[in-house]
Amino acid sequence: FIQMKILLNNNDLNEALNNVKNLGFVPTMGSLHKGHISLIKESLRKTNKTIVSIFINHRQFNNKNDFTKYPRNKKKDLSILKRLNVDFVYLPNAKDIYDYKRTKKIKLKKKDKILCAKYRTGHFEGVLDVMDRLVNKISPKYVFMGLKDFQQLFLVKNYIEKKYKSRVVPCKTVRNSNKLALSSRNLLLKKSALSKAEKLIQNLINFKKSLSKVKDLKKDIYNQKIKLSQLYNINIEYLELRNKKNLKATNKTKNSKLFIAFYLDKIRLIDNI
Ligand code: AMP
């Protein structure tokens, strides 16, 4: 029985990973839930060694309050990881991650400035930057990421697989018994907001099923956005149907996903169905 190694800085990391092959990597921001756990179990199944990172990357937060409020549960996280028999947990400080300057700034292409990229300026640039740095330091064979954050997965997979040998493995979204996707930010919701979110998602799942029978999809989706905003008295940032291969806007249900971002108690939640 080998104890989980806790790596607090880059020295620890380099020492531990020296000679490790067939490594699986699960990047997280902590406050681990069953969604994270499913990614970790996938890595444990698929690889010889698994490393989980917990790093709340301030540079990807476009809103200071969101960063301050973001849930932090290190003790509980470590006990979950230990129980799962993870090999390594990497808990870097900002200075470990941002230990070198980039010569060329990361920029999104114009066609990628859609959905969350349109509303969270600088967010994905921050995500790509930190993922580039993490993969560069860790050199995993596989990186496991959730389909819950579809646009993030899409952008990171394209960026990382072009630059490194590491492959990014999409993992399916874990939902609670009322169909709400698990998210660390759900911890910030009051009970009433949580049940609103659950009803909204159930409504959207049924709406998506009904879409194939509709002629003017665009109008129907717009009407649904207005209807749901009023019904639940919430701000829906976007509700859009897009092709799941290339994220282009589409009027066909084939190979499509319905993308939503909305606010509840000033907490921003996203999902795709
Ligand atoms: P986070 O800690 O929120 O940055 O998420 C870390 C990883 O877990 C990302 O790849 C997410 O897409 C993934 N993830 C978060 N929530 C879920 C979920 N409900 N089901 C599956 N994967 C998830």
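Helix α1 (residues 10–17) lies across β1, β2 (23–28), β3 (49–54) and β4 (88–90), and runs at about 140 degrees to β1. Contact here means heavy atoms within 4.5 Å. Angles run from 0 to 180 degrees between N-to-C directions, with axes fitted to C-alpha atoms, for helices over the stretch in contact. Helices (H or I, at least four residues) and strands (E, at least two) are DSSP runs, numbered from the N terminus.

This is a predicted model, in which local features need pLDDT of at least 70 and side-chain atom pairs count only at pLDDT 80 or more, while totals for chains, interfaces and linings use all residues. Residues are numbered from 1 along each chain as its sequence is written, and side-chain values use heavy atoms, with hydrogens and water left out.

**Sheet**

- An open sheet of 6 strands has the order β1-β4-β3-β2-β5-β6, with parallel pairing; two strands pair if DSSP finds at least two bridges between them.
- At the edges are β1 (5–7) and β6 (167–171), each of which pairs on one side only.
- Neighbouring strands of this sheet are turned by 25 degrees against each other on average, direction ignored.
- Strand β5 (residues 142–146) pairs with β6 in the parallel sense over 5 bridges, and Tyr142 stands opposite Arg167 in β6.
- Helix α8 (residues 150–163) packs on the sheet and touches β5 and β6; the direction of α8 makes about 165 degrees with that of β6.

**Glu15**

- Glu15 lies in helix α1 and counts as exposed because its relative accessibility is 68% (buried is under 20% relative accessible area, exposed over 50%, partly exposed in between; 1.4 Å probe, protein chains only).
- Between Glu15 and Ile260 there are 245 residues of sequence separation and 42 Å in space, C-alpha to C-alpha.

**Aromatic rings**

- The structure holds 5 aromatic pairs; rings of Phe, Tyr and Trp (its six-membered ring) pair if their centres lie within 6.5 Å, and planes under 30 degrees apart count as stacked, over 60 as edge-to-face and the rest as tilted.
- Phe61 and Tyr70 form an edge-to-face pair, at 5.6 Å centre to centre and 75 degrees between the planes; both residues are buried.
- Ring pairs link Phe61, Phe67 and Tyr70 into a cluster.
- Phe150 and Phe259 have ring centres 5.4 Å apart and planes at 75 degrees, so this pair is edge-to-face.
- This pair links distant parts of the chain, with Phe150 in helix α8 and Phe259 in strand β8 (residues 256–264), 109 residues apart; both are buried.

**Charges over rings**

- Arg59 lies over the face of Tyr98, at 3.6 Å from the ring centre (the criterion is NZ of Lys or CZ of Arg within 6 Å of the ring centre and within 35 degrees of the ring normal).
- Arg133 lies over the face of Tyr100, at 4.4 Å from the ring centre.
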